[in-house]
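Biologist: Could you take me through the disulfide in this model? I would enjoy a close look at that part.

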Amino acid sequence: MPHTMAPVGSTAPKIATTPVNSPEAASARQADNLLAEGHDLAAAKDYIQAAAAVQGQKQLRYLLKAAQASLQGNRPQVAVLLADEVLRLQKGDNTLRGEALWVRAQGLMDQGQTPRAKGNLEELLTIASTPQSVRAKAMGTLATLYTQESHELTALNFLIERDSLLSGPAISKNHQRIHALLDSVSSARIQNWQGRSGNPLVQEWLAIALITRHNPDPEHRKAAIDAWLATHPGHPPINFSSHDELNVADTSAKSGGEICALLPSSGPYSGLSEAISAGMETAAQLQAGPAVKILQSTGNPSFTAVLFERGVKEGCQIFVGPWLPQDINAVAGVRKPSDPPVIALGSDAGVQQPGLYIFSLSRDVAARQIAQQSYAASYRQVYVLYPQDSSGASIQADFIQTWKKLGGNVAGVATYLPGHSLTGQAQQLLSGSSASHAFVFLVTNADNAEAAVTAIRAINSSIPIFSPALLHGASLPADASSLSGIASVDMPWIIQPNITRPRAATLLHTTLPNASATQWRMAAFGLDAYALAESILAKNFHQPIAGVTGTLHFGQEGHIGREMDWMKIENGAIVPLSGIPKTGP
C-alpha cells in the first residue's frame with residue numbers, strides 16, 4: 001500500500017538553493033517535478049543520481065528525499081536501505097538523524113519488522129530537535145505497537161503524554177484512543193495500574209475510567225467526575241469536554257444535520273470502526289456532503305442506546321451503525337417512528353422496523369451471490385471445501401442453504417486446517433467423476449489458496465473453482481502462478497484499486513497510512529455507507545448505486561443488496577470478468 005504521509009524532511013531547515021549549473025541541478029529539479037506529479041519511484045532514482053554528484057550535507061539530503069519517495073512508492077526495503085546510509089554517513093546532525101529514523105521506522109513497519117521499528121521510534125523521542133508533530137505521530141505509533149504486544153499500560157502512558165503535543169480536533173481523536181484502550185481492559189487491571197503509575201495525569205484517567213464503568217449515564221458520570229476532582233486537588237485537569245464524556249468526536253464545525261456513525265470503539269472492532277469512519281469522512285470531503293459525526297459505543301448496549309438518543313437530540317439526520325447484534329437490538333428498542341433512519345451493519349439481529357436498513361459487511365454476501373449466479377449459469381452440482389474455523393463454517397453454511405433452496409445438488413463437503421496439506425481432503429472430495437455442470441466452492445484467502453488449488457488440480461485439472469472474497473487484502477501473494485483458473489467474487493475496490501475511486505484511495509492512504517488489509521476493506525464499506533445514507537436522505541430508493549464494495553440496491557424489508565464483481569487469476573495476475581465463468585460443454 002503506497003504511503004502519502006507528508007515527508008518529515010519538510011519540517012527541517014531548508015537547504016541552500018542549488019545553483020542552476022551545478023552537476024546535480026537537473027536531476028534534482030526533475031526529481032522534484034516527478035514527485036509533485038506522483039511518480040514517486042522515478043523521483044527516488046533522480047534524487048539518488050543527484051546525491052551521487054555531491055558530498056556532505058547535500059548528499060545526505062538527497063538520499064533522505066530518495067528514501068521518502070521510495071516509502072511513498074511502496075518500496076519500504078529501498079527506503080530502509082537509503083535511511084541506513086544517511087544514518088551511517090551523518091556526523092552529529094541530530095535533526096537529520098531524527099528524520100532518517102522516522103523514515104526507517106515506517107519502512108520497517110511496512111515489512112512487518114515492528115520490534116526494530118519500535119527501537120527507532122523510541123530513539124527518535126530522545127532527540128530534542130524532533131518536531132512536535134513528528135514526536136506526536138511517533139508516540140501514537142508506539143502506543144499502537146505496545147497495544148499489539150499487550151503492554152496496554154505503556155501504550156496508555158504514550159497516549160496521555162502525547163496529549164500535550166496536540167491541538168484542536170487532534171486532541172479529541174487522541175482522547176478517543178485513550179477511551180478505547182481503557183474500555184478494552186477489565187476494571188481489575190485498571191485498579192492494578194493505579195498502583196503502578198506515578199504520573200498524576202495517568203492516575204486521573206484511570207480513576208475516571210473506573211467512575212465511567214459505574215456511571216453509564218452521561219449526567220451521572222459528569223457529577224461523579226466533578227466530585228472526584230474536588231477531592232483530588234493535586235491532579236492537573238485533563239480538560240474533558242462534553243464530547244469526551246460521551247466518547248463523541250465531531251469531525252466538522254457544523255452543528256446539526258450530520259450523518260452519524262454509531263460504531264464500537266473497543267476490543268477487536270476499534271481498528272475496523274476507525275477504518276469505516278475514515279471512509280465516511282473521505283466521502284464527505286470528496287462530495288462536499290453532510291458532515292460526519294462519530295459516536296463511539298463501548299460494548300454496553302444500554303450506553304449505545306443512550307448515544308443514539310443523544311444523537312437524535314443533537315440533529316443527526318441518519319445513523320450508520322450500530323454494528324453488533326446486541327447494539328442493533330438496543331437501538332431498535334428505543335427508536336421511535338419519528339426518529340432518523342438507521343443503516344445497521346452486519347447481522348440484523350432479527351429486527352425489522354420502518355426506517356431500519358441492513359447493510360451486511362460479511363463474506364456471506366459473496367457466498368450467496370456465487371450460489372445464485374452459478375445456478376443461473378446452469379451449474380447444478382457443487383463440491384464444498386472450507387477451513388475448520390467459525391468464519392469458514394458460517395460462509396459454507398450460508399452458501400449451502402442458498403444453493404439447496406435453488407435446487408442445486410451438494411456432491412461432497414470437506415474441511416481443512418489452514419497451513420496444512422489438502423491432498424487427502426481433495427482426494428476425499430473429488431474421488432468420483434464430476435459432471436460438466438459441477439464446480440468447487442472453495443472458502444479460503446490468498447495465503448491458503450495455493451495449497452488448495454494445487455491439491456484440487458492434482459485430482460481434477462479442469463473443474464471450475466469459485467471462491468468468495470479471495471483477496472482479504474488488495475494484493476496477491478508474490479508468486480500466484482499456481483492460482484491460475486480460480487475465480488472469485490469480490491468488491492471492485494479490491495479487484496481494481498487503481499480504477500475504483502482513485503481520489504478516495506489517495507486520501508485514505510493519508511488518513512490510514514499503516515492500514516491493515518482488513519481495515520482497507522472496511523474503509524470501502526465506509527465510502528459506500530455514506531453513499532447509501534445520502535440516497536436514503538434523498539428518498540432515492542429505485543436507482544442502483546455503483547459502489548466501491550459492489551452495485552448496491554434497496555431490497556425488501558430494508559435489506560440492502562450488494563452485487564460484487566467477478567475476477568479470475570491468470571498467470572499470477574488479477575483479471576476482471578464481466579460475469580461468472582460459464583459451464584463447460
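Modeller: Happy to. A disulfide is counted here as a pair of cysteine sulfur atoms within 2.5 Å. In general terms, a disulfide is a covalent bond between the sulfur atoms of two cysteines. Please keep in mind that this is a predicted model, where local features need pLDDT of at least 70, side-chain atom pairs count only at pLDDT 80 or more, and totals for chains, interfaces and linings use all residues. Residues are numbered from 1 along each chain as its sequence is written, and side-chain values use heavy atoms, with hydrogens and water left out.

The structure holds 1 disulfide. Its partners are C260 and C316, whose sulfur atoms lie 1.9 Å apart. Turning to handedness, the torsion about the S-S bond of C260 and C316 is about -80°, so this disulfide is left-handed. The pair joins distant parts of the chain, 56 residues apart: C260 belongs to strand 2 (residues 259-264), while C316 sits in the loop between helix 15 (301-313) and strand 4 (318-320). Helices (H or I, at least four residues) and strands (E, at least two) are DSSP runs, numbered from the N terminus.

How about the surroundings of each cysteine? Buried means under 20% relative accessible area, exposed over 50%, and partly exposed in between, using a 1.4 Å probe and protein chains only. C260 has 0% relative accessibility and therefore counts as buried. C316 is buried too, its relative accessible area being 4%.
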